[in-house]
Amino acid sequence: MALANLAIIEREGLLERAAELGRRLLRGLETLRSHPHVGDVRGQGLMAAVELVADKRTKAEFLPSKDRPRVHQATQDRGMFSRLRGDVYNFGPCFVTTEAQIDRMVEILGESITAVLGS
């Protein structure tokens, strides 16, 4: 079974596809970096993360249970569920995600941050 999966990954060029989509995701998330509550944006391949901070200059975290759950709820209300670890949104879309879906993920997170934390 594992060998069959590896054959599919190779035959369909899914590693190259993941690299291409990962670059698109990171470029999109980088556009959020200018927001006053985005402390860091990072990624490798199709795994990426956006750190939310209470104070961009000091990178101070939000108080526990204050705004982080509200931003997470706002993303869910807009149709996106992403893993959240502390104040860091983690992205790991599958290899067959479309470009439009990648763009929408970035859009939803940006809309949600602004809706909850302002601009």
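Q: To start with a definition, what makes a pair of atoms a polar contact?
A: A polar contact is a pair of N or O atoms within 3.5 Å, where one must be able to donate a hydrogen and the other to accept it. The model we will look at with this in mind is a predicted one.

Q: What does the side chain of Thr97 reach, and why is this called a polar contact?
A: The side chain of Thr97 reaches the backbone oxygen of Cys94 at 2.8 Å.

Q: How do you know whether Thr97 is buried or exposed?
A: Buried means under 20% relative accessible area. Thr97 has 5% relative accessibility, and therefore counts as buried. This residue sits in the loop between β4 and α4. Beyond its neighbours within four places in sequence, Thr97 has contacts with Arg17, Leu21, Ile102 and Met105.

Q: Val96 is in the loop between β4 and α4 too; why is Val96 called buried or exposed?
A: For exposed, the relative accessible area has to be over 50%. Val96 comes to 59%, so the word for Val96 is exposed. The loop that holds Val96 runs between β4 (88-91) and α4 (99-117).

Q: What makes the nonpolar surface patch that includes Val96?
A: Leu15, Phe95 and Val96 make this patch, with an area of about 280 Å². Membership asks for over 30% relative accessible area, and Val96 at 59% is therefore above that cut-off. Nonpolar side chains are joined within 5 Å.

Q: How do you know that β1 and β2 pair, and in which sense?
A: Two strands pair if there are at least two bridges between them. Strand β1 (residues 38-44) and β2 have six bridges, so they pair, and the sense is antiparallel. One of the links is from Val38 to its bridge partner in β2, Leu52. The hairpin of these strands has two residues between them, and Gly45 takes a positive phi near 60° there.

Q: What makes β2 and β4 a pair?
A: Again the requirement is at least two bridges. Four bridges join β2 and β4, so these strands pair, here too in the antiparallel sense. Val50 has Tyr89 in β4 as its bridge partner.

Q: Why is strand β2 called mostly covered?
A: Five of the six residues in β2 (residues 47-52) are buried.

Q: Where is Ser82, and how do you know whether Ser82 is buried or exposed?
A: Ser82 lies in the loop between α3 (68-77) and β3 (83-85). Its relative accessible area is 6%, and the cut-off for buried is under 20%, so Ser82 is buried. Not counting residues up to four places away in sequence, Ser82 touches His72, Tyr89, Asn90 and Phe91.

Q: Why does Ile108 count as buried, and what does Ile108 touch?
A: Ile108 has 4% relative accessibility against a limit of under 20%, so Ile108 counts as buried. Ile108 is found in helix α4, and beyond residues up to four places away in sequence, Ile108 touches Thr75, Arg78 and Met80.

Q: Stepping back, which elements does the protein have, and in what order do they run?
A: There are four helices and four strands. Read from the N terminus, the order is α-α-β-β-α-β-β-α. Of the 119 residues, 38% count as buried.

Methods. Residues numbered from 1 in each chain as written. Predicted model: local features only at pLDDT ≥ 70, side-chain atom pairs only at ≥ 80, totals over all residues. Heavy atoms only, no water. Patch = residues over 30% accessible without salt bridge, like charges linked within 9 Å, V, L, I, M, F, W, Y side chains within 5 Å. Areas by Shrake-Rupley, 256 points an atom, 1.4 Å probe, with all protein chains shown as cover. Salt bridge = Lys/Arg side-chain N within 4 Å of Asp/Glu carboxyl O. Buried < 20%, exposed > 50% of the residue type's maximum accessible area, 1.4 Å probe, protein only. Contact = heavy atoms within 4.5 Å.
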